Amino acid sequence: MSTATARPSDRRISPVFLGIVAVAAVTGWATWTGFAEQPGLAVFLFVTAAWVVSLCLHEYAHARTALHSGDISVGAKGYLTLNPVKYTHALLSIVLPVLFVIMGGIGLPGGAVFIERGRIRGRWRHSLISAAGPLTNVLFAVVCTAPFWLDALDGVPRDFRLALAFLALLQVTAAILNFLPVPGLDGYGVIEHWLSYNVRRQVEPLAPFGLLIVFALLWIPALNGVFFDAIDALLRGLGISEVDTYCGFELYRFWQTDPLCTPGG
């Protein structure tokens with residue numbers, strides 16, 4: 001790979017990102033210790049901040065891989081600072097995914113950073129750049145689910161366990177949705193440069209609408225049921241029950257928590 005580098009200032013971690021990490025750490029501690037007077041609010045802030053951190057690292061993974069593949073422009077664009085406001089589609093990359101978490105408890109993939117693909121040589125490098133983002137979600141999913149499949153939950157407070165289960169759900173759904181071979185999503189980027197020119201030209205107009213297409217399909221009850229049944233089956237295999245993810249979501253939406261998910265409910 002290219003040894004291209006960026007200026008030190010282009011790679012300095014943004015105070016904005018560090019602030020989000022601090023929020024995740026403090027509210028995670030409050031959730032663990034039960035320090036917060038309103039545990040649901042602590043869970044909401046913890047999961048939201050941790051989710052935004054994962055979104056930032058998702059985009060950073062794209063940019064960092066592109067940098068070492070030949071696109072030195074990513075540094076000047078601020079992509080290596082982990083600052084969410086530097087992304088080309090801050091609305092798609094951060095705001096909409098957070099809104100979808102609140103509304104539907106789903107890890108919606110966001111808009112990728114802008115990579116100057118003309119600077120990249122080799123199909124494998126193009127594929128790796130596209131795969132780097134969702135692979136970050138896979139790594140987050142492994143970390144979030146590890147206490148469950150390692151049977152290491154002894155001593156883990158209930159609220160923190162539920163928050164971790166819900167965060168795992170978000171990471172798993174984000175990874176799966178991102179890897180769908182739909183134009184505009186990372187999964188299509190993985191295979192795009194292996195397709196013929198004619199095929200790429202025909203599907204290119206669909207790219208701006210890929211996310212909307214996926215969203216529309218998930219609104220179809222039958223497809224939505226199949227999708228979440230598959231997610232639940234995967235999470236059960238990792239030791240996370242459907243009750244854990246459901247109550248984690250309900251605790252996250254602290255303003256309308258289901259009584260069945262409250263202690264003694």
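**Notes on the model**

1. Leaving aside neighbours within four places in sequence, Y252 is in contact with G40, V43, F44, V47, T48, V101, I102 and F166; contact means heavy atoms within 4.5 Å. This is a predicted model, in which local features need pLDDT of at least 70 and side-chain atom pairs count only at pLDDT 80 or more, while totals for chains, interfaces and linings use all residues. Residues are numbered from 1 along each chain as its sequence is written, and side-chain values use heavy atoms, with hydrogens and water left out.

2. Y252 also belongs to the nonpolar core. The largest such core has 63 residues, and those with the most contacts inside it are V47, W51, V74, F166, L170 and Y252. A nonpolar core is here a set of buried Ala, Val, Leu, Ile, Met, Phe, Trp, Tyr and Cys residues joined through side-chain atoms within 4.5 Å. Buried means under 20% relative accessible area, exposed over 50%, and partly exposed in between, with a 1.4 Å probe and protein chains only. At least two residues of this core come from each of α1, α2, α4, α5, α6, α9 (210-218), α10 (221-237) and α11. Helix α2 gives the most, with 14 residues. Helices are DSSP runs (H or I, at least four residues), numbered from the N terminus.

3. How far apart are the end C-alpha atoms of helix α2? They are 41 Å apart, which agrees with the 42 Å that the 29 residues of α2 (residues 39-67) should span at 1.5 Å a residue. The expected span is 1.5 Å times one less than the number of residues. Helix α2 is mostly covered, with 23 of its 29 residues buried.

4. Aromatic pairs deserve a separate look. Rings of Phe, Tyr and Trp (its six-membered ring) pair if their centres lie within 6.5 Å; planes under 30 degrees apart count as stacked, over 60 as edge-to-face and the rest as tilted. By this rule the count comes to 12 aromatic pairs. One of them, F44 with Y252, is tilted, at 4.8 Å centre to centre and 35° between the planes. That pair links distant parts of the chain, since F44 is in helix α2 and Y252 in helix α11 (residues 242-252), 208 residues apart. Both F44 and Y252 are buried.

5. F254 and W255 make an edge-to-face aromatic pair, 5.2 Å centre to centre with 80° between the planes. F254 counts as partly exposed because its relative accessibility is 32%, and W255 is likewise partly exposed at 45%. F44, F166, F249, Y252, F254 and W255 form one aromatic cluster.

6. The structure holds one disulfide, defined as a pair of cysteine sulfur atoms within 2.5 Å. The partners are C247 and C261, with sulfur atoms 2.2 Å apart. The link is left-handed, with -75° about the S-S bond. C247 lies in helix α11 and C261 in the segment after α11, so the pair ties together parts that are 14 residues apart in sequence. Both C247 and C261 are buried.

7. C56 is buried, with a relative accessible area of 0%, and C144 counts as buried at 4%.

8. T27 is found in helix α1 (residues 15-33) and is buried, with a relative accessible area of 10%. The T27 side chain reaches the backbone oxygen of V23 at 2.6 Å, and one of its polar atoms lies 3.4 Å from the backbone oxygen of A24. A polar contact is a pair of N or O atoms within 3.5 Å; within protein, one must be able to donate a hydrogen and the other to accept it, and residues adjacent in sequence count only if both atoms are side-chain atoms. Not counting residues up to four places away in sequence, T27 touches A42, L45 and F46.

9. Most residues other than glycine have a negative phi. L82, not a glycine, has a positive phi of about 65°; L82 lies in the loop between α3 (73-76) and α4 (90-104) and counts as buried at 6% relative accessibility. D151, also not a glycine, has a positive phi of about 55°. D151 is placed in the loop between α5 (123-149) and α6 (158-178) and is exposed, with a relative accessible area of 66%.
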